[in-house]
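Good morning, colleagues. Thank you for making time for this presentation.

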2 protein chains.
Amino acid sequence: MATNKVTFLPHEITIEVEDGQSVIRAAMNAGVHINASCGGEGVCGKCRVIIEQGQVEGGISEQLSQEDREKGYRLACQALVKSDVVVRVPVESAIDRSVLNLAKKPRRTARIKQVDFESIKEQGLFVPPVEKIHIRMEPPDATNHQPDVTRMIQHLRQHHGEHGLEVSLAVIRKVPHVFREKDFDVTVTMARPVRPSGKTRIVNVQSGDTTDHNLAIAIDIGTTTIFGQMVDLISGNVLAEYGDFNGQISYGEDVITRIVFAEKGDGLDILHKAVIKTINNVLGKIIRRSKVDKDNISMITIAGNTTMTQLLLKVDPRFIRRSPYVPTAGIYPPIRVSDLGLELDEHVTALVYPQVSSYVGGDIVAGVMGSGMYRTEKLTLFLDIGTNAEAVVGNREWMACAACSAGPAFEGGGIKFGMRAAKGAIEDFSIDPVTLEPMIVTIGDVRPKGICGSGLITTVATMFEFGVIDNQGKFNRNLKTERIREQDGIWEYVLAWKDQTQVDRDIVLTEIDIENLIRAKGAIYSGCMTLLEEVGMNIDDLEQIILAGGFGSYVDLEKAMVIGLLPEIDPDRVTYVGNASLMGARMAALTNKIRQEVVAVTDMMTNFELSETPSYMDHYVAALFLPHTDMNRFPRVKARLEQLRGAMG
Amino acid sequence: MATNKVTFLPHEITIEVEDGQSVIRAAMNAGVHINASCGGEGVCGKCRVIIEQGQVEGGISEQLSQEDREKGYRLACQALVKSDVVVRVPVESAIDRSVLNLAKKPRRTARIKQVDFESIKEQGLFVPPVEKIHIRMEPPDATNHQPDVTRMIQHLRQHHGEHGLEVSLAVIRKVPHVFREKDFDVTVTMARPVRPSGKTRIVNVQSGDTTDHNLAIAIDIGTTTIFGQMVDLISGNVLAEYGDFNGQISYGEDVITRIVFAEKGDGLDILHKAVIKTINNVLGKIIRRSKVDKDNISMITIAGNTTMTQLLLKVDPRFIRRSPYVPTAGIYPPIRVSDLGLELDEHVTALVYPQVSSYVGGDIVAGVMGSGMYRTEKLTLFLDIGTNAEAVVGNREWMACAACSAGPAFEGGGIKFGMRAAKGAIEDFSIDPVTLEPMIVTIGDVRPKGICGSGLITTVATMFEFGVIDNQGKFNRNLKTERIREQDGIWEYVLAWKDQTQVDRDIVLTEIDIENLIRAKGAIYSGCMTLLEEVGMNIDDLEQIILAGGFGSYVDLEKAMVIGLLPEIDPDRVTYVGNASLMGARMAALTNKIRQEVVAVTDMMTNFELSETPSYMDHYVAALFLPHTDMNRFPRVKARLEQLRGAMG
């Protein structure tokens with residue numbers, strides 16, 4: 001991907017961006033403020049900049065006079081960078097230079113870590129779970145009446161050193177015809193045992209040589225969304241991916257309401273069928289998109305939280321929500337897809353990630369496995385923030401984990417204009433410290449509909465940095481701007497005026513929203529603190545953070561530390577693994593090493609029920625501030641605030 | 001059972017019989033001839049005898065005059081022995097005394113061998129396949145949130161030394177409620193692995209203590225009939241037994257016609273469903289009769305011939321009947337009953353006996369295992385005569401086996417009045433060497449409908465002994481009796497006149513019937529000879545014969561040797577095991593020892609396709625005589641014939 005340099009004046013900040021990036025996103029990433037209220041759709045006309053050198057494409061609008069256009073004015077949200085450019089932000093929309101130099105802080109997002117099959121192999125972690133062997137047997141004749149299956153097993157023993165083979169009835173049923181299609185020239189699919197002492201199962205026979213095609217499917221069952229990947233077991237590549245809303249949503253937004261539903265009448269069956277239907281839809285999509293032959297799929301690996309797992313398997317989840325909160329099983333056996341109603345061939349086995357406890361489920365175990373946390377010596381905080389938040393601290397020697405009652409604020413829940421990270425969600429924010437005018441960017445560069453998790457973090461952090469809100473999340477009542485106002489007794493900030501939105505209302509951020517965000521981040525932070533304290537460690541011992549979950553890829557790490565969501569750590573030590581559950585499912589499809597070790601890892605993961613851990617409440621109360629009641633835990637945030645507020649006088 | 005002594009005069013033969021036995025059956029067993037044509041129903045009035053001492057019950061008929069009654073005349077077929085008695089057979093219905101003394105030859109049937117659980121235990125052959133353990137777990141509380149299943153597994157490990165446990169999804173689904181019914185007081189059913197290195201599978205959980213109830217089902221799938229037994233795994237007893245005709249019969253009498261049917265359209269599915277329906281019917285019956293709780297049944301063991309097994313498992317059997325005659329599989333994995341449609345609880349596993357070849361199937365392997373042949377040092381001939389006949393020779397060191405193309409003559413097939421051993425079948429026969437009048441006894445003591453296998457053997461043997469037929473099965477045309485006649489060019493003997501039958505026709509035995517019987521017995525005998533020869537042995541090396549199959553329990557061993565069906569051997573060395581397939585299924589249900597050894601035994605059983613074994617045809621042609629072309633193979637028969645025929649002049 002070609003990149004271009006963008007230099008912003010008068011800030012004198014240069015940033016490298018991908019070719020075709022919009023100027024406003026370049027500015028946002030550079031930490032340069034440009035007033036902008038319409039999300040990037042070009043309707044507010046506020047984001048006027050002058051292109052002093054280089055080429056941009058677009059950005060000419062009827063909101064710019066002919067004279068302005070000739071002077072080089074362009075709308076920053078519409079102008080796409082096509083070469084190295086120098087962009088001047090006009091005085092009317094730039095903040096006071098003294099603050100400006102302090103405020104400039106390029107976005108720091110986490111390094112993205114992905115599954116790297118070659119590296120798995122190099123590290124000796126590759127233990128193939130499914131292998132194909134092409135064999136040419138002697139056909140039976142008058143001197144050799146061996147049964148077909150015996151013939152195959154003897155051939156594999158004599159010519160391939162395969163011992164202790166098991167053959168399923170489904171395979172036996174295929175044998176007579178498959179063997180005779182190409183005169184006993186067949187490919188045998190072998191599912192390897194997890195432990196070397198186990199037996200290899202012959203799970204498929206196909207006529208001719210099909211060894212080039214060996215596939216598995218990885219599935220993440222989220223409470224909200226279900227993702228699937230078609231995994232090529234030869235290259236390690238994902239051939240297709242698809243996500244869909246979990247069909248159970250119509251029976252309840254969160255796990256508790258789902259459990260309540262499952263307890264009534266045939267609720268369990270309804271929820272079971274709903275999730276199977278969604279998975280089948282996902283399967284259909286990824287099979288079509290990857291254009292593979294279903295017969296070459298031998299395995300499906302599945303990760304989900306404890307409730308999702310029990311509903312998938314039709315195991316009554318009612319005791320998950322009742323004290324003392326015990327799930328039915330930790331480890332599940334391999335399951336035949338036909339037992340679940342999954343529309344894959346009869347021979348396919350489903351492997352389900354084990355659960356630690358009622359609220360730390362297979363999705364988290366999958367994350368710990370898939371992210372490699374279980375193998376590192378470094379003291380690690382693994383944090384998965386989705387509909388709920390779960391934290392794991394530890395390393396290869398030990399792990400402690402807990403579910404944090406964070407609620408769904410980071411997915412938009414409990415936030416007046418909160419929404420998931422979808423088109424029209426404000427995902428980034430900057431503010432002019434003098435005029436208090438915002439710069440907002442939305443997903444899809446359209447007029448805003450609401451604000452998503454990463455947008456919320458950035459907005460609240462930025463407001464706090466510039467003193468727009470105090471450390472309890474309350475607006476400074478003395479600021480002179482019509483954007484801060486009291487409506488029905490509640491103070492709020494107008495992120496976008498009605499006429500620049502898609503929702504025909506002013507989009508605002510209220511003090512209640514901020515309070516909810518503080519509660520959520522407080523629950524997560526205090527959960528991590530409690531875990532560390534319970535194992536006799538503290539924040540300074542942390543060597544790395546692995547972030548997982550839907551909103552994590554774009555979140556500005558510095559901002560997340562400013563609000564006290566993340567402990568203060570060098571952003572270089574933060575990795576983002578995206579959908580860790582899906583990653584873990586894919587890893588388990590790629591190598592048996594994961595399955596060999598997952599039971600021991602799950603056993604090692606000591607679960608803490610925070611509500612029953614006495615120190616938790618103290619940690620929680622102390623965390624209900626921005627960033628925390630104890631600023632010494634956030635020395636860099638403290639220093640930055642002092643600098644900024646000093647500069648602003 | 002009380003017994004009484006019956007002394008026949010003028011023969012001076014005394015025999016011990018059960019209290020209540022009919023005089024005519026006592027005579028038959030003693031080898032004493034009394035004319036009798038109506039099968040024991042009392043209508044022909046020919047079987048007049050005089051009770052000289054002791055008490056009988058019944059036998060007074062209107063066919064006896066008052067005077068006769070007072071003299072002590074009774075009908076032998078109606079008179080039941082109630083004390084020690086002396087019975088005189090009147091001169092008019094007894095044969096000439098000189099022959100009489102030679103002819104008297106009490107019936108020699110084989111010793112019946114049955115499953116003896118105590119002896120299995122004493123011999124160290126008892127390895128329980130399914131065990132129940134009653135446990136009282138600590139219920140979960142705030143200090144112990146272990147998942148339910150983990151709690152159970154840990155409890156079993158700590159308190160019962162159980163390791164390497166596997167739990168099925170079906171069990172996991174039961175766990176949450178079963179555990180809480182009696183506060184974590186449960187009984188766990190464990191299916192033990194065949195090999196010690198394998199894993200124990202937890203197949204059921206029940207609340208409270210159910211260790212007293214531990215059941216399995218044994219099934220024999222015959223081409224004609226399906227038998228089932230409810231086996232108590234604690235006492236070893238059979239709690240109920242039931243047999244039913246195989247529902248596949250309407251689609252073909254024998255395995256070949258079934259295979260032909262299976263090849264067309266959805267024939268395989270139809271036959272599969274038909275056998276499952278019959279088995280379900282048998283299951284329903286034995287469950288009701290034994291009044292057990294279905295939940296306590298953990299296993300079903302099944303034995304059947306190769307075709308029956310493949311139809312049961314819905315594995316296309318078409319290649320069984322095509323050269324080079326290979327079955328699909330020898331060994332089948334344990335199968336879940338739900339995969340077959342068997343109406344047992346989901347947790348029940350079906351174990352299916354392995355097959356040696358297309359025509360030596362699981363029924364024979366089951367017989368070899370169940371009869372203990374696989375453990376004996378004695379050179380043994382195992383012979384299973386049913387719809388088809390299979391022979392195994394060998395001992396614990398080696399075995400050779402073959403299917404003999406005997407056809408269904410012993411089950412009545414190809415015999416003009418042939419029928420299965422059911423009510424009205426002539427099952428025993430004797431002849432007056434002078435008058436050539438018969439004595440017939442039928443199953444159920446009713447007027448005859450036809451003749452069954454054992455009746456046929458005895459009839460043909462007796463006729464041969466007295467020279468009524470020659471060694472090629474042809475009637476002596478010179479005998480003066482209206483019972484021997486030519487009808488439509490075919491010679492026959494009238495076993496019962498029309499008015500004494502249930503079928504409104506004379507019941508006859510034709511030369512064609514005899515020819516078919518000779519072919520059948522010739523095929524079996526020559527099959528055994530061929531096997532022995534192929535392994536370098538001969539008939540004199542045989543130390544014992546194990547007979548199995550439907551007609552074997554009542555067959556007169558001496559008579560079977562007279563016709564050359566069985567090699568000549570001391571009758572004491574012949575054991576009858578009845579339905580060996582069912583016996584083997586039951587044994588496999590009772591002890592894992594069988595399953596541990598069955599694969600090695602099956603591998604050891606060298607199969608011979610007789611049609612491809614050159615020496616077979618010579619043996620066969622030589623066996624198409626009574627008893628054989630080479631009388632030196634049957635020295636005792638030879639001696640007896642010389643004696644009898646000498647006496648008869």
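Predicted model: local features only at pLDDT ≥ 70, side-chain atom pairs only at ≥ 80, totals over all residues.

Let me begin with the overall architecture. Chain A contains 18 helices and 30 strands. In terms of extent, the C-alpha trace of chain A spans about 100 × 60 × 45 Å along its principal axes.

How much of chain A is buried? Of its 649 residues, 53% are buried. As for the contacts in chain A with a separation of 6 or more, 70% are made by residues 24 or more positions apart.

I turn now to the domains. Chain A is divided into domain 1, residues 1-94; domain 2, residues 127-207; domain 3, residues 215-359; and domain 4, which is written as 370-407 + 526-632. Between the C-alpha centres of domain 1 and domain 3 of chain A, the distance is 46 Å.

Next, the nonpolar core. Which residues have the most contacts inside the largest nonpolar core? That core has 400 residues, and the residues in question are A:Ala391, A:Ile524, B:Ala391 and B:Ile524. Let us take A:Ile524 as an example. Leaving aside residues up to four places away in sequence, A:Ile524 touches A:Leu383, A:Ile385, A:Ala389, A:Ala391, A:Cys404, A:Ala406 and A:Leu565. A:Ala391, then, is both a partner of A:Ile524 and one of the residues with the most contacts inside the core.

Finally, the assembly. Chain A is superposed on chain B by a rotation of 180° with 0.0 Å of shift along its axis, at an RMSD of 0.1 Å. This is the relation of a two-fold axis. Moreover, 100% of the interface residues of chain A are also interface residues in chain B, so the copies meet through the same surface.

What does each chain bring to the contact? Chain A gives 39 residues and chain B gives 39 residues. On the side of chain A that touches chain B, helix H5 (148-160), strand S10 (165-167) and helix H6 (169-181) each supply at least two residues. The largest share, six residues, comes from H6(A). By class, this side of chain A has 20 nonpolar, ten polar and nine charged residues.

Thank you for your attention.

Conventions
Residues numbered from 1 in each chain as written. Chains lettered and ligands numbered in written order. Helix = DSSP H or I, 4+ residues; strand = E, 2+ residues; numbered from the N terminus. Buried ≥ 20, exposed ≤ 12 C-beta atoms within 10 Å, placed from the backbone. Contact = placed C-beta atoms within 7 Å. Least-squares fit on C-alpha atoms with pLDDT ≥ 70 in both. Core = buried A, V, L, I, M, F, W, Y, C linked by C-beta atoms within 7 Å. Domains from an automatic or database assignment. Nonpolar A, V, L, I, M, F, W, Y, C, P; charged D, E, K, R; others polar.
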